[in-house]
Structure formats: structure tokens, C-alpha cells
Amino acid sequence: MYALTKKMYPNSSILGRPPFPPKRGQANGFVAQLPLPVLFSPHQVIESQFNIRNTNFHGLPLNNVARLPATSPLDWKLGHSTPPHVPSVSAVTMGRKRRSDEHSPYDLKRQRFSSPGCHVGSPEAAASPLAARTASSHLWSDSSSPALSPHTPKPAGCVPPLRGESRHSAPGSPLPPAKDKLSQQILELFQACQQQSDDLQKKEVCRAQLQREIQRLFPSSRVYLAGSSLNGFGSRSSDADLCLVVQEGPVNQRTDAVYILSIVQKLFYRLSYIERPQLIRAKVPILKFRDKISGVEFDLNVNNIVGIRNTFLLRSYAYIESRVRPVILVIKKWARHHGINDASRGTLSSYSLVLMVLHYLQTLPEPVIPCLQKEYPECFNPSMDIHLVPEGPKEIPSYTSRNQSTLGDLLLGFLKYYASVFNWDKCVISVRDAEAFPKPNCREWRDKFICVEEPFDRTNTARAVHERIKFDSIKAEFKKSWQVLQLKKDLNFILPVRATIQKR
């Protein structure tokens, strides 16, 4: 195992010169001589610079060995202070892709990222690369966490625990029957392309390693997986979204987040297993990079807490009814094939697409899924402490719908709804309320071509669609695909099944 670990990440420690501030105007993605961000005290900034300069050859800061948490943020600690259970680490497999979902920061009433106790081991244990890797490279390593312990029975609710999802469906949630050709094609594509447990594991191994590296700069920080990697709608080629949490409360995305990511970018240049770290200065800035070992593309943001909350809301929708995941995965593949699923190019993000499908399934005469935020408000309270978020929906039962539509019927209905029924000019798509409400006369919604409400911070997730020509092309693809599929009843006429499966 030690040999495997050294082979996977031979130079994971931070070596070389410290990240001195770049010269003004330096055009390589670094921040040009920003003033110290208000979220850090002078002492904290000095400490982070000291940490990167005082790193031994195991990659551990000499002044913070005893303080370095060796736990995974997805253990979701609840304030315990006992040492974690240390499992073994499986090998990493290969994968690829990038995605550009957009979310906005959420102003929380109370967040306690420092409230979970940091597990402190001996300096000798912390200094061992193998011990550190095995201690934090699993999603489910803490026997003190009731939801994620390997000894805890499966929760009674419909949402499976993060540990132990089966390869083809959630335990107790059989895939829907395929009674016609179109439904069989949808099911076949879903089974071949859905994210597998080893796909998630390779992302988690890299996340855990990066958390250790970043904690040498900011010892109290945590790195969380979010997005399609955890929400149940990922495919084998999905990238991974990471959220770096550095403090309680919101972070100024325009200044502080960019400053932090620029420091992390300098760190990543020194890591042999990270390539192409690129700082993207969007409304929510991200650091894009690739893990050479697994081949996974990552997007790292700072304190985008709403992304963690909506990950577990979508995860609940994914498993509450067995038809949801196959339909959504196929629709994402269809949108990507037709060039309308790329927010960086002015079309729909995958997140917006998922919300559009959920809204359609909620608003049918006989709904396929309920409105979870209305029926279980306590499970999705927007002020819930972030480390309790995964616990919220675990007891939600499966939904038994009286709607018996096949997968093919639902795909056809989705295309028809947005091709000829939904009023783009006057309505906002809302999963939070399970309705299409009138477009408010305010800046967030006025004169926007597509309005999709974020369920927690209520911003417009489809704001990337800001050109008429892109909006018209999106509507045209819905209409054309609906007309063709209604006539042919064969998925290949709007999405080549074999080729899509080969791409995964």
C-alpha cells in the first residue's frame, strides 16, 4: 500500500520558494497586489505565509503538525473529538471532463465550520504520508458519525448513505421497468453512463490529498465535494466540484475569494500531480485544474456554501423516485450533444437543466415527485449548520406516485413542456415552490431570457443565457427534438446511444 501511495502522489509536499506577492499587472492568473482581504487578520495572513515556507520533506508545516486535522470533510463531524477509524484506500481509476455550473454565495444566519472537533493524532502519525492518506481518503472513515459509520445500518429513508451505493441503483430503489423501446434505450444509456462507486472514490482520494495540502496554508480550512459527484446525477465522465471553506459566514467573492484562490493556485503549481491550475474570475470565481493520477477535472470555489446545500437537496430528489435519475442523465446527455449545456458559452448549466427537469416532474397533473422543501422544511432549513446538512434528508421516505408514465413518456413530456407549454417570457421555474411563478420586476429577473430559481438563495441559475441567439437555439432544440422523438419513438434520432455510451 505504501508503494502504491508513493506511486500515485510521489511529490505531494510543498517544496520550493514561498508564494511571494506577484508583481503588479502580472498576467498569469495571479492577483495583482491586492490589499489584505478583510476576512483575514494580519496574524492569519502571516501564519499562512509562514506555513508555506516552513514545510518539511513530508509536506507538513513544522508549526502545525499537532493541529492538522486528518479527517475527511465529508465525514461531516458533529463535534466529536475521538481519533478517526482508519480504513484502507482503494486504487484510483481514470476519468475525464469538465463542467461549469454556477452558484451564488448564500448569506447564512449561522454556520459553524469550526464547531466540528478536529481529530488530532500524534505528530508521528501525522508526519507519515501513508497514515495521512489512509486517514482522510475515505468518505466514510469516522466511526463516530452516525450517518456514515460502516457499522451503522442503512437509514430508513430513500436517500442512501454516502457509503456503499450499489453499482447500478440505490439499495431498496430498483430501476423502473422498461416497457417500450424508448424506455429501454433510456435505461440502457443510464446503466452504462451513471457514475460508479469507484468513480466517486478516485475523486475523494484527490480531495483528501488536496485538503491536507491546503491546510498547511490555512489550518482551519476544509475541502468538500459537491455537485454532480454527490447529488446522484453524475455520469462516469463528470468532473468534480470542490468547495474550500475557510471561515464562518460568507466571503466576498470579488476580492477575498480571488485572493485565496490565487494563493492556492501558487501552491498547486508545486504539486507534481496537479496540472493546468487556472483561475477563472467569474461571479463565483473558481480554480480549474486536473488531477494527473485519476484524470479528473476539478473546479474549486471558496465558501460557496449554497452549492453544498443544493447538492443534498438534489440528492434527495435523485433517490425519492426511481425514474428521476435515468430521465435526468439522458436529458443532460441530450443537451450536451446538441450544444445547449455549457454555461461558459452562454447556454444552460447542468444544474439549471436538472432544476428544469425536477420542476417538470413536480408540476404534472399527477406529480412524479413532491416538493421536498414544502413537505419537509425542517430537512432543508437554509440556516442549518453546514455539517448537519447530509443528516437532514436521511429519514425522508420514498415517494409513491400515482403517475405511471414510462421513462419514454417522461422524456417526451419534458421536451413538449419546454417546447410548447412553458411561458419563457413571463414565468420563473421554481423547484422550491413546485410552480412557475410570474417573473418579478427586479434586476435579477427582468429582461432575462431564461429564469430558473436557485432553491436556497433564490438567484437565477440560468443567468448565463444572456444572448437572444443562444436562447433561440435552446428553444429550437427543444421543439425539434420533441417533434422528431414524438414521430420516431427512437432515442437514436435525437441522441446516438452507442456513441454516447462509448464516451460515457
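1. Let me start with the aromatic residues. Trp334, Tyr360, Phe414, Tyr417, Tyr418, Phe422, Trp424, Phe449, Phe471 and Phe478 form one aromatic cluster. Here rings of Phe, Tyr and Trp (its six-membered ring) pair if their centres lie within 6.5 Å; planes under 30 degrees apart count as stacked, over 60 as edge-to-face and the rest as tilted. The search over the whole structure gives 16 aromatic pairs.

2. A word on the basis of these notes. This is a predicted model, so local features need pLDDT of at least 70 and side-chain atom pairs count only at pLDDT 80 or more, while totals for chains, interfaces and linings use all residues. Residues are numbered from 1 along each chain as its sequence is written, and side-chain values use heavy atoms, with hydrogens and water left out.

3. Phe414 and Tyr418 are four residues apart in helix α13, about one helical turn. Phe414 is buried at 0% relative accessible area, and Tyr418 is buried at 1% (buried means under 20% relative accessible area, exposed over 50%, partly exposed in between, with a 1.4 Å probe and protein chains only). Phe422 and Trp424 are also paired edge-to-face, at 5.2 Å centre to centre and 85 degrees between the planes; Phe422 is buried at 8% and Trp424 at 7%.

4. Now the overall picture. The protein chain has 15 helices and seven strands (DSSP runs numbered from the N terminus: helices are H or I, at least four residues, and strands are E, at least two). Of its 504 residues, 60% are buried.

5. Which residues touch the most other members of the largest nonpolar core? They are Tyr418, Ile450 and Leu491, in a core of 72 residues. Such a core is a set of buried Ala, Val, Leu, Ile, Met, Phe, Trp, Tyr and Cys residues joined through side-chain atoms within 4.5 Å. Elements giving two or more residues to this core include α5, α9, α13, β6 and α14, and the largest share, nine residues, comes from α11. A second, separate core has 43 residues, among them Val245, Tyr259, Leu261 and Ile386.

6. Finally, the charged side chains. There are 18 salt bridges, each a side-chain nitrogen of Lys or Arg within 4 Å of a carboxyl oxygen of Asp or Glu. One of them joins Lys181 and Asp490 at 3.0 Å, N to O. Lys181 lies in helix α5 and Asp490 in the loop between α14 and α15, so this pair ties together parts 309 residues apart in sequence. Lys181 is partly exposed at 47%, whereas Asp490 is buried at 10%.

7. Two further bridges sit within helices. In α6, Arg207 and Glu204 are three residues apart, about one helical turn; their side chains meet at 2.7 Å, N to O, and both residues are buried. In α14, Arg468 and Asp472 are four residues apart, with their closest N and O atoms 3.8 Å apart. Arg468 is partly exposed at 46%, and so is Asp472, at 33%.
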